[in-house]
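This report covers helix packing, the nonpolar core and a few individual residues. The sequence and structure are shown first.

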Amino acid sequence: MTKETRDFAIEKSKELIASPTCSAEAKSAAQAWIEAAGTDREEAETKAYIAELEADIVTVDGLRDFALSPMGAQIFGGEEAAKGIAAHAMEIKEKGALYCDCPACAAVEAILKKKELLLD
């Protein structure tokens, strides 16, 4: 992995950690990866980090489906708000988005776009 790729991933990982929509597991994986960057643990932590990110990123269809669920209504502040999130998911899908555009998913998507460079 080049220094440029590592620096990019560290920056995006810090954005991920700071995101209010980031899961505890992703925050933990991001922090462990940052701490391992540039060390002999980097390769193993990179593989674990990528696996966690791939498991955590939310597709637009997943966002829509969750928003329309009873749990989504509870999380998003009621049925009407949740319907708005579901509509937003469909709007961004129509524009070509594959994933949720919340700060956490946006950071994850940016990191995963460089997956091959991270594993190189």
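## Nonpolar core

A nonpolar core is here a set of buried Ala, Val, Leu, Ile, Met, Phe, Trp, Tyr and Cys residues joined through side-chain atoms within 4.5 Å. Buried means under 20% relative accessible area. The model examined is a predicted one.

The largest nonpolar core has 25 residues, and the members that touch the most others are Leu-16, Trp-33, Tyr-49, Leu-53, Val-108, Leu-112 and Leu-118. Two or more residues each are given to this core by α1 (3-18), α2 (24-36), α3 and α7. Helix α7 supplies the largest share, six residues.

## Helix α7 and its cover

Helix α7 is mostly covered, with seven of its 10 residues buried. These are Ala-104, Cys-105, Ala-107, Val-108, Ala-110, Ile-111 and Leu-112. The cover over the buried residues of α7 includes α1, α3 and α8 (115-119).

## Packing of α3 against α7

Two packed helices are described by the angle between their axes and the distance between the axes. For helix α3 (residues 42-56) and helix α7 (residues 103-112), the axes come within 10 Å and cross at roughly 130°. The crossing of α3 and α7 is left-handed.

On the α3 side the contact is made by Tyr-49, Ile-50, Leu-53 and Glu-54, and on the α7 side by Val-108, Ile-111 and Leu-112. By class, the residues of this contact are six nonpolar, no polar and one charged. Leaving aside neighbours within four places in sequence, Leu-53 is in contact with Leu-16, Val-108, Ile-111 and Leu-112.

Lys-12 is found in helix α1. Is Lys-12 buried or exposed? Its relative accessible area is 18%, so Lys-12 counts as buried, the cut-off being under 20%. Not counting residues up to four places away in sequence, Lys-12 touches Ala-107, Ala-110 and Ile-111. Ala-107, Ala-110 and Ile-111 are among the buried residues of α7.

His-88 lies in helix α6 (residues 79-94). With a relative accessible area of 28%, His-88 is partly exposed, because that class lies between the 20% and 50% cut-offs. His-88 and Glu-11 are 77 residues apart in sequence, and their C-alpha atoms are 27 Å apart in space.

Definitions and conventions. Residues numbered from 1 in each chain as written. Predicted model: local features only at pLDDT ≥ 70, side-chain atom pairs only at ≥ 80, totals over all residues. Heavy atoms only, no water. Axes fitted to C-alpha atoms, helices over the stretch in contact; angles between N-to-C directions. Helix = DSSP H or I, 4+ residues; strand = E, 2+ residues; numbered from the N terminus. Left-handed = near helix turned anticlockwise from the far one by under 90°. Contact = heavy atoms within 4.5 Å. Nonpolar A, V, L, I, M, F, W, Y, C, P; charged D, E, K, R; others polar. Buried < 20%, exposed > 50% of the residue type's maximum accessible area, 1.4 Å probe, protein only.
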